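Hi,

Here is the structure I promised to pass on. My notes follow below it.

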Amino acid sequence: MQNKINVLVAETIEKINSAQTQKEITDIKVEVMGKNGALTSFMRNMKDLPNDQKPLVGKFVNEARVKIESVLDAKFKEISEKELKAKLDAEKIDITIDKHDRKMGGIHPINIVRRKVVDFFTSMGFIVADSPEVETDYYNFEALNIPKDHPAREMQDTFYVVPEKIVLRTQTSAGQIRTMEVNKPPIKMINVGRVYRSDDIDATHSPVFHQIEGLVVDEKITMCDLKGILEKFAKAFFGNETNIRFRPSYFPFTEPSVEVDASCPHCKGKGCRVCKGTGWIEILGAGMVNRNVLKVCDIDPDKYTGFAFGVGLDRITSIIYGINDLRLEFENDIRFLKQFN
């Protein structure tokens, strides 16, 4: 019986070594050591042996079982590792391959213009200040000379987080107050960011848009200083041949106040579709800082004067790139955005 067991072990090991798949290994295991397997049959036949031979045969069978199981486990592990490696090789992705259909991102046109505007004013000595988008009623209205009963509030009917107390800012001008509260003249700053008003969405309006607010406060600041800076700004963004003009206007926090127009960069002032035949495009509002605003910030209006201006960043972007619908700048349409990459 020992010879038969040795022959079975040798044949089984040979089968195991020639196996190529996990299934073949499993089948061999069942064939040899399963309920009806060849090695199991030796155990069943031990009952017919003399009692003195049973322990010896049992030892041979157990040794054979241990040897076969050892070879089975080693082969199973070897095949498993090969199959796993083959699977990983087949599924791996080479991230270094330059695919032809890879799409590259780009900077949004509003951010392109924003960076240029910030670079322009910082090159002229302006600092960039920041202020919260969620503002108090005081900074957004009261401190800017817009009390609760002022009609200008209706023009800026907006989004209140807490009625009559906390509001989504309607203008970056609130940042001027915060700057003047902690810094005394001379002051030369710009404030950039999103603002909110409850406007209906159309080709020229949006409830969310972007502003760049500028403020200069010092001794002997005049409208001439304001015009000089805005002329340089217009020429830098719309061309050296650009002219500007001031039209009288009204803002509660500036006095006198003006609307600023630039000669149309598309038709050079001759009149076209973009400027609606007038030759001029409105680009921003500006004026001399109201005495009441200076007083609120504890700045002596008899010693210091200043000017402020607010640029609609979305509007400037539309003018520069000839965009005729403001909604295009907010819709994330890849067909539109990829033109600026």
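To start with a question: is Arg 247 buried, partly exposed or exposed? Arg 247 is partly exposed, at 29% relative accessibility (buried means under 20% relative accessible area, exposed over 50%, partly exposed in between, with a 1.4 Å probe and protein chains only).

Before the rest, please note that this is a predicted model, where local features need pLDDT of at least 70, side-chain atom pairs count only at pLDDT 80 or more, and totals for chains, interfaces and linings use all residues. Residues are numbered from 1 along each chain as its sequence is written, and side-chain values use heavy atoms, leaving out hydrogens and water.

Now the salt bridges (a side-chain nitrogen of Lys or Arg within 4 Å of a carboxyl oxygen of Asp or Glu). The count comes to 13. One of them joins Arg 247 to Asp 261, with the closest N and O atoms 2.5 Å apart. Asp 261 sits in strand β8 and Arg 247 in strand β7, so the pair ties together parts that are 14 residues apart in sequence (strands are DSSP runs of E, at least two residues, numbered from the N terminus).

Another salt bridge links Arg 327 and Asp 325 at 2.8 Å, N to O. Here Arg 327 is partly exposed, at 34%, while Asp 325 is buried, at 17%. Shared partners also join Arg 245, Arg 247, Asp 261 and Glu 282 into one salt-bridge network.

Best wishes

Notes
Helix = DSSP H or I, 4+ residues; strand = E, 2+ residues; numbered from the N terminus.
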